[in-house]
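Hello,

Please find the structure below, followed by notes on what was found in it.

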Amino acid sequence: MAKSTDNDNAPAPESAGTTTQEREVREIVERMITQGRPVAVRTQRDVNRKTLIWILSGVTLLFTITLGLLIGITVFKDEAPKAQVAGPDPRAYAPAPTLEQAKGIKFEKYQWPDPALPATPAGPVKKFRIDVFEHVTQVRADLAPTRVWSYGINGELLRGTGGSPPMVVTEGDKVQMDLVNGGSMKMDVVMPHSIDFHSAEVAPNKDYVTILPGKTKRITFLAEHPGAFMYHCATKPVLMHTGAGMVGMMIVKPKNLAPVDRELWMTQQEFYIGEAGGNANYQKMQAKNPDVIAFNGFGDQYATKPITVAKGERVRMWLLNAGPSIWSAFHVIGTVFDKTVIEGTVGRDVQTVNLAPSQGGWVEFTLDEEGKYPFVTHAFGDMERGALGILATKGAPKTGGGH
Ligand SMILES: [Cu+2]
């Protein structure tokens, strides 16, 4: 008789005769008992589902990438030329032609503009004839002449420079301005122009209107606010007219202003040179990239021929930053301003005054030793374009000093 084995009556081991599915069910039940909640267990169906999800995800991803690439190619194909147009305009960074490159072009003879402050006109009403003229002149000695649009004041035209003279009145004065846009052939005006006074309180649409060549316009107002104010052409595009030269200074002296030994006027102004002898370069104006930044209409002119003052005398310098677009940081090397009045704000012990385009005022100082005292915009990149001058005392050594 065959010997029975223990196995015959012993319960079958769990592994034998049990399907995978049964094992999984048991496992779930056991975990529910021990952990008190159902636990995810991977079944064959789950495995199949997961594989399907992976395949579907892969297909979707591939589709998305392909679609993205197609859209990308379409969009960038259209956008590429626009991006190039939005970049810097090369005309805005063209170097100014030099004097040597301007052979054969006629231009006005340079004359040093006297920086001594002119007197206020006589009479109860202060009358100014303001002549608009267009002319070809240099604005810095090394560069080609350029066509500048300027104002002349009571017959003074500052020909040979790009500057326009100042007007001076006293607080409370009634003023009468006669704008003449090209009073004769010599004024060579081919454009409509206008004038806007920052010192006035009038309706711009009535008084700052554009007039055709050969026409005149009278503007009257009461100069009630003291300071150094800008006047400029307001004809569109204003940037073109102001950048081509049509800016200047109107000084309204406060009543009872203490006398000083010497009063000077100093207007900072930008020039944007186009073709030699031609109109100014509008792209350079838009890029705020002037070729020249000058005091009183000609770069470096008061360094080439300094302004003479006396040691120890009290100097009042009237300042305007006529822009049109660059800030000024006005500073005199070798002195400290005892007093400043900029846009109505009084300052003392000042090293540099900060003038936004159109802002102005005055500074008072003395030069305590014999010598040459450079004055600059302390934005030195702008100084190198021509915003440099020198105040030299009468006893200054002829050599040295400088800047
Ligand atoms: Cu104008």
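Strand β13, residues 328-332, pairs with β16 in the antiparallel sense over four bridges. Strands here are DSSP runs of E of at least two residues, and helices are runs of H or I of at least four residues, numbered from the N terminus; two strands pair if DSSP finds at least two bridges between them. Within this pair, H331 is opposite T352 of β16.

Both strands belong to an open sheet of five strands with mixed pairing, in the order β11-β19-β18-β13-β16. Its edge strands, β11 (307-309) and β16 (352-355), each pair on one side only. On average, neighbouring strands of the sheet are turned by 20 degrees against each other, direction ignored (axes are lines fitted to C-alpha atoms).

The model is predicted: local features need pLDDT of at least 70, side-chain atom pairs count only at pLDDT 80 or more, and totals for chains, interfaces and linings use all residues. Residues are numbered from 1 along each chain as its sequence is written.

The protein chain has eight helices and 19 strands. Of its 403 residues, 38% are buried (20 or more other C-beta atoms within 10 Å of the residue's own, C-beta atoms being placed from the backbone).

The average pLDDT, the predictor's confidence in each residue from 0 to 100, is 87 for the protein chain, and 79% of the residues score at least 70. Over residues 1-18 the pLDDT stays under 50, and the model has two contacts beyond four places in sequence for them (a contact means C-beta atoms, placed from the backbone, within 7 Å).

Regards

How values were computed. A residue is buried if 20 or more other C-beta atoms lie within 10 Å of its own, exposed if 12 or fewer, and partly exposed in between; C-beta atoms are placed from the backbone. Axes are lines fitted to C-alpha atoms, for helices over the stretch in contact, and angles run from 0 to 180 degrees between N-to-C directions.
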